[in-house]
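User: I would like the terms used for this model set against their cut-offs. Please go through them one at a time.

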Amino acid sequence: MFPTSGTDLLHGDESFRLLVDAVREYAIFLLDPEGLVVTWNRGAQRIKGYTADEIAGKHFSIFYTEEDRDAGRPAHVLRSAADLGSFEDEGWRVRKDGTRFWADVVVTALRTPSGELYGFAKVTRDMSERREAEEHRQRLAAEEQARAAAEAALAARDGFLSIASHELKTPVASLQLAVESVVRAAANDRLDRERLERVLERMLRSTQRLGALVNELLDVSRLTSGTPSLDADETDLTALAADVVERFEEQEAGRVRLLSSVPVMAEVDALRIDQVLTNLVDNALKYSADRPAVDVEVTEDDGGALIAVGDRGIGLDEEAKLHIFDAFSRGRNAEFVQGLGLGLHIVKQIVERHGGTIDAIPRPGGGTRFSVWLPRHQARQ
């Protein structure tokens with residue numbers, strides 16, 4: 001026969017009551033239908049700090065934080081347990097002395113065979129030590145992650161300094177030698193026009209190289225800091241690609257060709273997309289020396305525009321593909337290729353600033369195809 005009132009919950013099998021009372025690792029007690037404490041075991045006294053006489057008849061909301069009481073959490077727990085049969089919860093609870101502990105709580109509704117609710121069984125476990133251990137583990141993991149990130153940043157910095165010093169040293173040295181040559185020739189009164197022109201050409205190439213390296217660094221700084229904004233306008237991407245190809249053809253005759261002739265319109269920052277194409281073609285030429293032509297193609301695709309630059313160079317392996325758009329990544333034959341390894345990183349930043357995507361795909365038979373997708377229109381801020 002089941003009890004019919006909160007008071008009757010006190011009268012049950014004596015051996016079972018003694019068993020429950022002996023448990024010290026868990027607070028096990030009964031509540032009446034209104035949430036008033038009816039029974040109290042030794043575990044409850046150890047965990048929560050109240051004696052049976054002190055807590056009997058008190059509402060179980062006394063164990064909750066003020067924030068949870070104001071939010072109606074105790075009533076929600078009883079209502080959920082009554083509706084679902086049982087309810088499990090984790091959160092902060094309050095001891096008699098006001099200190100908090102992290103508790104895992106299971107509340108089970110107790111019903112008569114006819115379905116009448118006559119109370120709740122509540123089991124609470126103090127999980128503070130486990131939570132502290134988990135938080136400690138997470139702190140150690142976070143510290144380890146931060147340490148690894150710091151080490152990676154230092155390695156990237158050292159790598160950058162090594163690459164930058166090497167790349168900057170070449171044009172600086174060339175410029176210095178050219179200036180010294182002019183100074184010596186002038187001192188010996190042997191500076192003829194033809195020699196001066198050759199030296200000035202070397203100096204011009206060196207300053208152009210220095211300017212390109214500095215501009216790459218400035219571009220990365222501006223793009224990663226969120227500036228500048230795009231100056232987007234309706235642009236014929238095919239015509240823009242034709243201009244880029246023509247510039248390369250002046251020095252790379254027959255090695256760069258445009259496969260498209262039909263206008264493809266999109267709202268883009270023309271100067272930035274020119275930079276994207278220039279960097280992609282320049283990269284393709286660097287990594288496909290003495291190979292067949294670099295192909296540039298512009299088509300309409302999926303409601304936007306697709307720009308493809310393909311080469312027949314050394315190609316991509318899976319490891320290289322993972323890092324090809326990272327800053328200072330220079331591929332498998334980096335020792336033979338000039339540059340800071342920022343070109344493709346800048347390209348990706350510009351494309352994503354336009355709301356587009358870029359992918360590098362190995363080509364059958366060798367080489368790589370870079371595909372840039374751009375939306376037809378720019379989202380308005």
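User: What is the pLDDT over residues 1-7, and how many contacts beyond four places in sequence does the model have for them?

Analyst: pLDDT, the predictor's confidence in each residue from 0 to 100, stays under 50 over residues 1-7. The model has 10 contacts beyond four places in sequence for residues 1-7, a contact being heavy atoms within 4.5 Å. Over residues 333-340 pLDDT also stays under 50, with 23 such contacts. Where pLDDT is low, the predicted coordinates should not be read in detail.

User: Which rules apply to the rest of the model?

Analyst: This is a predicted model, in which local features need pLDDT of at least 70 and side-chain atom pairs count only at pLDDT 80 or more, while totals for chains, interfaces and linings use all residues. Residues are numbered from 1 along each chain as its sequence is written, and side-chain values use heavy atoms, with hydrogens and water left out.

User: Where in the protein chain is confidence lowest, and where highest?

Analyst: Helix α1 (residues 14-22) is lowest, at a mean of 62, and helix α5 (residues 73-84) is highest, at 95. Helices here are DSSP runs of H or I with at least four residues, and strands are runs of E with at least two, numbered from the N terminus. The mean pLDDT of the protein chain is 81, and 77% of its residues reach 70 or more.

User: Why is S288 called buried?

Analyst: Buried means under 20% relative accessible area, exposed over 50%, and partly exposed in between, with a 1.4 Å probe and protein chains only. S288 has 1% relative accessibility, so it counts as buried. S288 is in the loop between α9 (270-286) and β8 (294-301). Leaving aside neighbours within four places in sequence, S288 is in contact with R255, V294, D311, R312 and G313. S288 and G313 are 25 residues apart in sequence, yet 3.8 Å apart in space, C-alpha to C-alpha.

User: How do you know that the span of α8 is close to the expected one?

Analyst: The expected span is 1.5 Å times one less than the number of residues. Helix α8 (residues 237-249) has 13 residues and reaches 18 Å from its first C-alpha to its last, close to the expected 18 Å.

User: Why are the buried residues of α8 said to line one face?

Analyst: The buried residues of α8 are L237, T238, L240, A241, V244, V245 and F248. Seen down the axis of α8, they fall within an arc of 160°, so they line one face of the helix. The arc is that of the directions from the helix axis to the C-beta atoms.
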